[in-house]
Amino acid sequence: GIYVAQRKDGTFVAGGGALKFGLSATSYVAKLSPEEIQSQMTEAQKLTKLLAPNPIEGSTFSHKEEAIKPMPQDGYPILGYLEVGLYSAVTHSGMTMAPLIGQLVAAELKEQVSLSILDPYRPARFKKQT
């Protein structure tokens with residue numbers, strides 16, 4: 001899907017998932033065509049009309065930025081200690097999951113507890129079974 005976020009300066013950022021735009025596990029560079037960029041803009045305008053009265057109607061595309069976004073091997077967040085003193089919080093869905101993940105990770109670190117709700121997302125799931 002597509003996401004839309006407003007920055008502090010009032011500008012809007014629209015983006016989409018890596019898989020939607022042709023990335024694979026071995027390819028990390030998004031190649032967006034002008035048509036794909038326009039499609040994202042159109043979809044962002046449609047989406048925001050559902051949220052508020054015409055917040056970006058008539059907006060024009062100013063520029064594109066391409067970035068490498070973390071994509072865990074299985075597509076799910078990686079949350080937990082990699083080793084003593086080194087906590088990892090990696091997710092492809094940071095835009096949508098950051099508020100929840102941030103609160104859960106902060107609770108684990110501050111209270112020095114292990115929340116069972118995060119167990120399926122622990123780094124240990126990638127360790128090879130012997």
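Is Tyr 87 buried or exposed? Tyr 87 is buried, with a relative accessible area of 17%, where buried means under 20%, exposed over 50% and partly exposed in between, for a 1.4 Å probe and protein chains only.

The model is predicted: local features need pLDDT of at least 70, side-chain atom pairs count only at pLDDT 80 or more, and totals for chains, interfaces and linings use all residues. Residues are numbered from 1 along each chain as its sequence is written, and side-chain values use heavy atoms, with hydrogens and water left out.

**The whole chain**

Begin with the chain in a cartoon view, where 2 helices and 4 strands are assigned; these are DSSP runs numbered from the N terminus, with helices (H or I) of at least four residues and strands (E) of at least two. Their order from the N terminus is β-β-α-β-β-α. Of the 130 residues in the chain, 25% are buried.

Ile 78 has Val 90 in S4 as its bridge partner. The hairpin has 2 residues between the strands, and Gly 85 takes a positive phi near 85 degrees.

Next, select Ser 88 in strand S4. Ser 88 counts as buried at 9% relative accessibility. Apart from residues up to four places away in sequence, Ser 88 touches Ile 78, Leu 79, Gly 80 and Leu 82, a contact being heavy atoms within 4.5 Å.

**The aromatic pairs**

Display the aromatic rings: the whole structure holds 2 aromatic pairs. Rings of Phe, Tyr and Trp (its six-membered ring) pair if their centres lie within 6.5 Å; planes under 30 degrees apart count as stacked, over 60 as edge-to-face and the rest as tilted.

Select Tyr 76 and Tyr 121, whose ring centres are 6.4 Å apart with planes at 50 degrees, so the pair is tilted. Tyr 76 lies in the loop between helix H1 (34-51) and S3, and Tyr 121 in the segment after helix H2 (94-111), so the pair ties together parts 45 residues apart in sequence. Tyr 121 is partly exposed, at 26% relative accessible area.

Then select Tyr 81 and Tyr 87: their ring centres are 5.0 Å apart and their planes stand at 85 degrees, so this pair is edge-to-face. Tyr 81 is partly exposed at 46% relative accessibility, whereas Tyr 87 is buried.

Select Leu 79, Tyr 87, Ile 101, Leu 104, Val 105 and Leu 118, the 6 residues of the largest nonpolar core. Such a core is a set of buried Ala, Val, Leu, Ile, Met, Phe, Trp, Tyr and Cys residues joined through side-chain atoms within 4.5 Å. H2 gives the most to this core, with 3 residues. Beyond four places in sequence, Val 105 touches Leu 79, Tyr 87 and Ala 89.

Finish at Glu 108, which lies in helix H2. Glu 108 is buried, with a relative accessible area of 3%. Setting aside neighbours within four places in sequence, Glu 108 has contacts that include Tyr 87, Leu 118 and Arg 122. The C-alpha atoms of Glu 108 and Tyr 87 are 10.0 Å apart, and the two residues are 21 apart in sequence.

Notes:
Pairing = 2+ DSSP bridges.
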